[in-house]
Amino acid sequence: MTHPFRADGSLRHLITLEGLPRPIIERLLDQAQSLVRPLGERPPVSDLLAGCTVANLFTEPSTRTRVSFELAAKRLGADVVNLEVQLSSRVKGESMLDTVYTLESLHVDALVIRDAETGVPGTVAAHVAPHVSILSAGESHVAHPTQGLLDALTVRQHKPRFEALSIAIVGDIRHSRVARSAFHVFRTLGVPDLRIVAPPALMPEPTEFSGCARHTTLEAGVRDADVVMMLRIQKERMAEVELPDADRYYASYGLTPERLALARPDAIVMHPQPMNRGIEIASEVADGPRSVIRDQVRNGVAVRMAVLREVLAWRGAP
Amino acid sequence: MTHPFRADGSLRHLITLEGLPRPIIERLLDQAQSLVRPLGERPPVSDLLAGCTVANLFTEPSTRTRVSFELAAKRLGADVVNLEVQLSSRVKGESMLDTVYTLESLHVDALVIRDAETGVPGTVAAHVAPHVSILSAGESHVAHPTQGLLDALTVRQHKPRFEALSIAIVGDIRHSRVARSAFHVFRTLGVPDLRIVAPPALMPEPTEFSGCARHTTLEAGVRDADVVMMLRIQKERMAEVELPDADRYYASYGLTPERLALARPDAIVMHPQPMNRGIEIASEVADGPRSVIRDQVRNGVAVRMAVLREVLAWRGAP
Amino acid sequence: MTHPFRADGSLRHLITLEGLPRPIIERLLDQAQSLVRPLGERPPVSDLLAGCTVANLFTEPSTRTRVSFELAAKRLGADVVNLEVQLSSRVKGESMLDTVYTLESLHVDALVIRDAETGVPGTVAAHVAPHVSILSAGESHVAHPTQGLLDALTVRQHKPRFEALSIAIVGDIRHSRVARSAFHVFRTLGVPDLRIVAPPALMPEPTEFSGCARHTTLEAGVRDADVVMMLRIQKERMAEVELPDADRYYASYGLTPERLALARPDAIVMHPQPMNRGIEIASEVADGPRSVIRDQVRNGVAVRMAVLREVLAWRGAP
């Protein structure tokens, strides 16, 4: 995929991190970092995007990501409208593109799209008017680019030398957009040792995640890692891997304090949430001193502010 | 129906276009036109209605109309709250009027009401406190006044001399609030040749649409028309007209390029959306050079801004 | 329960009115009173809370209370996000606390929580970061503190000497959070004659509502009362009290003009809404000259503004 830019050099859409040039990624991370505040301080607010309109178009429920985008937009002064499409126009059979053309004609400047179907954000981006930006908020198992950026920002805050890192991504890699966006961003940022850890049935095709070491046991996968990224497991997947209940899955693939002890002493633990405590991660680990899971959430709103600024600031003041 | 005005001559409610005096309609169209911007430019924003509160009270889902009203209000600086009443207070059996009195007591200034039942906006308007305005966003099969105004504005942008026009409204006239509001506004604006085109079972009662020519074939109905307004057909209606599936309905009543060729060479094509592509309209026509369907959406937010200004501006600055 | 205060003496959370010191209650009522405007005038607006974020976290539907909090926050300049948790993250099994930690990490300053389960607001308050405030918007049958405050404000507007009042609370006391918060606030404000009126099966345990007179007939309960507070009855409760339909319940416990005539001639009638007209209250009474039910709604938004100011103003200007 080629990434489209505007005449002033700014990125137009954010659909995937695959192929996004490293300088753009670093610019977004730098901008996001400048917007991070410690918990308890107020987040930065501005009216940079006053007069702009951002529409959240979610066809899967996701309170966390929707609220994160909504607050990012509001704190930059934009107007926000929320649409849950499966509850409204789709019940009348309206096509996604007609909904998009409608929003475009209502002078919406950016569409934030979450959809369970592959290809939706890209299709919309290919058809939308030139002034409109498309931001993916999660596309099937394919991409979740703002999640990848917030993961990279979180790692950078603790381990600034990407070139020296071992990162293990653990869980249902096969069906995970979070894993794919992490793979792309860490690859581009030069992480030399990137590992995927999963039961065999949840490993991706051999053509994917090229260059990553593959481990089918958690113990081997996390050994001496600097970063352990846990993924959420869906219940229906446990049966597929012959670990048919939560206890058995946890026995084999749950991140316990004992297993975390195999990683580097200063390793950090990440999770995109929502967590299944006691299934893929022990509560002691999730809430422990090496967890940066809440930092990820805080970084998420900063990343989304940076992305909105990147794609909308060309409009200038109203 | 008599239309109530405030002491300064401004309209108080907008429930129907029936009987609305021509000077008021023209004032609203002029104001709306001044708020129209080309696609890609920013819409006008102001704080004229800062301190005012608009509540969207939708008892039928309608993403498009709700978002259009929401953006219109926000771009004028008003606060907006959305209520989906069937999902909340009505499940406890609360009556519509008690909901309305509650909103009134919360200092809501305008209530935008969409309801499947006949008479709801009028009943509410009859009971609400003197400072509150009621705007219908679609009332059963009876009226959809902002849709009628945006349709008139769209026609005027392309065919400014209403006195010279032939307009054909095509589809399920019998059950259509869009058709009724179009009939009222075009009648008042002096359109001499107004036609309704429908299968016999979807024709309205003979007492309605007085003065309109009635056609039961699309070919006869669109001949030499300046404007072709297509309506959405509901699946359950196709069976009623013995065209029990989409293909058969399309064969008889779909607007194809061939049928459109029977209209004037510069005829425009309209549709209130959401469209059933391949059922009442061919995609080639919907997306073709004579389609003004997206202009209708853009005009819709301008019309709603004009209406909100009309009914709320008497409050002056806060 | 002890009520936590910040270093500047302001209240941090509002979970219950039980044990809340009288000077704090009076300060909140005074502040709320200063924000009350007559119906038809504009409510006060400010940017005191600009840069603050309020999240409405409702796990039970409640349009009225949610909109009241939403408008209170917006009129003080705060950003507001609405979450209906049962429709989104909870469907994935996410725990309430992880949702709360997420909101905290998104720099949400106040969480407004409505939940059907006992203990949720208190549990959240016990775990949340020090800068975050928790406001209960209704907790099971236990507490509804902003309702209690608005009820007290409404009484004070008509009967300023609490020390001289007879107040009767009528209906399903056993299951009512409204009754409990009313009991706590009126007890603290020194109301000497506080009565509860209910069918025997809907009376609370003897250990609760200490010091209140208990009446099982409406006639005895309202005699010479200054204030009659009616509660909403749920249909499933009528069967429990062997008054299995609306008519029979109304015959025994409906507030009719005749029964209201037993109270003081200047008695006021209150109801938290939504009302079952013709079941617990006659429409003539609900809409009659002694009803202050709509004042309660208007006072509700003023009370919520006062509470938000109380718990968030320590942040000062952004």
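Predicted model: local features only at pLDDT ≥ 70, side-chain atom pairs only at ≥ 80, totals over all residues.
1. Residues are numbered from 1 along each chain as its sequence is written, and chains are lettered from A and ligands numbered from 1 in the order in which they are written.

2. Chain B has an open sheet of four strands, ordered β2-β1-β3-β4, with parallel pairing. Strands (E, at least two residues) and helices (H or I, at least four residues) are DSSP runs numbered from the N terminus; two strands pair if DSSP finds at least two bridges between them. At the edges are β2 (79-84) and β4 (133-139) of chain B, each pairing on one side only. From one strand to the next, the twist averages 15 degrees (axes are lines fitted to C-alpha atoms, for helices over the stretch in contact, and angles run from 0 to 180 degrees between N-to-C directions).

3. Six bridges join β1 (residues 53-58) of chain B to β2(B) in the parallel sense. B:F58 has B:E84 of β2(B) as its bridge partner.

4. Helix α12 (residues 293-312) of chain B lies across β1, β3 (110-115) and β4 of chain B, and runs at about 150 degrees to β4(B).

5. The contact takes 24 residues from chain A and 22 residues from chain B (residues are in contact if their C-beta atoms, placed from the backbone, lie within 7 Å). On the chain B side, α2 (63-75) and α12 are the elements that give two or more residues; α2(B) gives the most, with seven residues.

Conventions: Contact = placed C-beta atoms within 7 Å.
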